[in-house]
Amino acid sequence: MTMRTRPLGTTGPQVSALGLGCMGMSALYGEADRAESIATLHAALEAGVTLLDTGDFYGMGHNELLIGEALRAAPAVRREQALVSVKFGALRDPDGGWSGYDGRPAAVKNFAAYSLQRLGVDHIDVYRIARLDPDVPIEETVGAIAELVEKGHVRHIGLSEVGAETVRRAAATAPISDLQIEYSLISRGIEDEILPTTRELGIGITAYGVLSRGLISGHFTADRQLGAGDFRAMSPRFQGENLQHNLNLVEALRKIAEQKGVSVAQTAIAWVLSRGEDIVPLIGARSRDRLTEALGALDVTLAAADLAAIEEAVPPGAAAGDRYPAAQMAHLES
Ligand SMILES: NC(=O)c1ccc[n+]([C@@H]2O[C@H](COP(=O)([O-])OP(=O)(O)OC[C@H]3O[C@@H](n4cnc5c(N)ncnc54)[C@H](OP(=O)(O)O)[C@@H]3O)[C@@H](O)[C@H]2O)c1
């Protein structure tokens with residue numbers, strides 16, 4: 001299979017049109033199967049996926065160690081093609097709690113030193129703070145990453161979940177390859193201001209939550225039991241009446257998918273792919289089956305009539321519930 005590619009902004013690398021988001025292999029979506037996670041990483045690399053996304057706080061280093069292990073065991077040609085995008089800055093505690101973000105320059109360099117070691121690589125391809133540290137101007141955080149770029153420890157600088165003004169300030173400090181931000185049929189908040197800004201500045205988008213964390217994958221059911229520590233157990237969109245409302249949207253989408261002979265997840269991913277060549281969806285597959293399904297979205301063409309039907313079934317703002325619990329919404333600029 002020849003994988004299509006897309007540029008990560010005007011200054012970033014060319015990457016596979018779909019990236020693999022590895023978070024769920026270590027954290028936030030309940031138990032993951034380690035052997036299946038490694039097999040999924042290998043299958044993705046073999047299919048031509050070159051962009052692997054992680055965060056140093058996903059399982060407190062677990063996710064980076066997992067990716068490092070998978071890369072070491074991969075054929076050299078695949079390993080050399082792989083680009084690892086790392087988020088840092090989230091502060092955790094031994095009970096799994098979250099206690100803010102640290103974007104001070106000394107902290108940035110400390111986080112990077114540990115990530116390089118855990119991943120077992122000599123550079124990080126894209127490095128970004130996961131959320132803005134309200135106590136540290138973005139110029140200082142981005143400036144510290146720019147120093148890491150100068151020294152060869154990092155190749156490109158990214159951003160995550162920041163608003164248009166912060167994007168501008170960051171881009172005035174150093175070249176920014178991409179903004180990682182939630183974007184899906186039911187999370188369209190970036191369209192009014194953020195997307196026009198990134199386009200004006202030549203910054204790419206790596207879109208996460210393309211399936212709204214499984215909610216609009218077509219596989220999620222109202223009776224699914226979510227374990228402790230599963231983000232979705234606290235997510236407003238997965239609660240009670242909100243959940244039922246959102247699953248009704250999925251059923252409307254399913255009718256369109258069935259008419260096209262594709263799955264709901266493929267339709268949702270293809271919709272994000274259709275939004276522009278500057279957008280690279282991250283798919284959160286953690287099994288080979290899910291990966292195969294997600295990669296199938298690359299073969300789905302949505303004609304104007306399909307797009308219109310999708311918009312009618314799931315209009316902007318159709319979802320019930322915020323995309324994060326209130327405490328986490330407070331860390332978002334977007
Ligand atoms: N910058 C940020 O703030 C931020 C935030 C969140 C995530 N991210 C990054 O973005 C990546 C993707 O985010 P996400 O995991 O929330 O994305 P997602 O693709 O919206 O959700 C992944 C979930 O969808 C389910 N799913 C069902 N069918 C699927 C299929 N065919 N392919 C893939 N998943 C399917 C998976 O379920 P099962 O595994 O249960 O079957 C998994 O729980 C993460 O791994 C992480 O690297 C970044």
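Residues are numbered from 1 along each chain as its sequence is written. Because the model is predicted, local features need pLDDT of at least 70 and side-chain atom pairs count only at pLDDT 80 or more, whereas totals for chains, interfaces and linings use all residues.

**The annotated span**

Start by selecting residues 18-313, which an unreviewed UniProt entry annotates as "domain: NADP-dependent oxidoreductase"; positions from that record are given in the numbering used here, feature names are shortened, and annotations may be inferred rather than shown by experiment. Helices (H or I, at least four residues) and strands (E, at least two) are DSSP runs, numbered from the N terminus.

**The ligand and its shell**

Next, select the ligand and the 29 residues that surround it, of which G21, M23, Y208, G214 and G284 are the closest; a residue is near the ligand if its C-beta atom, placed from the backbone, lies within 6 Å of it. Strand β12 (279-283) and helix α10 (288-295) are the elements that give two or more residues to this shell, and the largest share, three residues, comes from α10. Coloured by type, the shell divides into twelve nonpolar, ten polar and seven charged residues, where Ala, Val, Leu, Ile, Met, Phe, Trp, Tyr, Cys and Pro count as nonpolar, Asp, Glu, Lys and Arg as charged, and the others, Gly among them, as polar.

**The largest nonpolar core**

Now turn to the largest nonpolar core, with 96 residues, in which A207, A268 and I269 touch the most other members. Helix α9 (residues 264-273) gives the most to this core, namely eight residues. Such a core is a set of buried Ala, Val, Leu, Ile, Met, Phe, Trp, Tyr and Cys residues joined through C-beta atoms within 7 Å, and a residue is buried if 20 or more other C-beta atoms lie within 10 Å of its own, exposed if 12 or fewer, and partly exposed in between, with C-beta atoms placed from the backbone. In soluble globular proteins, nonpolar side chains tend to be buried together.

Centre the view on I269, which touches V210, P281, I283, A294 and A297 when residues up to four places away in sequence are not counted; contact here requires C-beta atoms, placed from the backbone, within 7 Å of each other.

**Helix α6, one side and the other**

Select helix α6 (residues 164-173), whose buried residues are A164, T166, V167, A170 and A171. These residues lie on the same side of α6 because they cover an arc of only 155° around the axis, the arc being that of the directions from the helix axis to the C-beta atoms. The buried residues of α6 pack against α5 (138-150), β9 (154-160), β10 (176-182) and α7 (194-201), while E165 and A172, on the other side of the helix, are exposed.

**Two residues with positive phi**

Step back to E161, in the loop between β9 and α6, where phi is near 50°, a positive value in a residue other than glycine. E161 counts as buried because 23 other C-beta atoms lie within 10 Å.

Then go to S212, in the loop between β11 (204-208) and α8 (240-260); its phi is also near 50°, again positive in a residue other than glycine. S212 is buried, with 24 other C-beta atoms within 10 Å.

**Further stops in loops**

Select D56, which is placed in the loop between β4 (51-55) and α2 and is buried, having 23 other C-beta atoms within 10 Å. Leaving out residues up to four places away in sequence, D56 touches G61, E64, V86, F88, F111, Y114 and S115.

The next stop is G276, in the loop between α9 and β12, which counts as partly exposed because it has 13 C-beta neighbours inside 10 Å.

Finish at G317, in the loop between α11 (304-313) and α12 (326-329), an exposed residue with 8 other C-beta atoms within 10 Å.

Notes. Contact = placed C-beta atoms within 7 Å.
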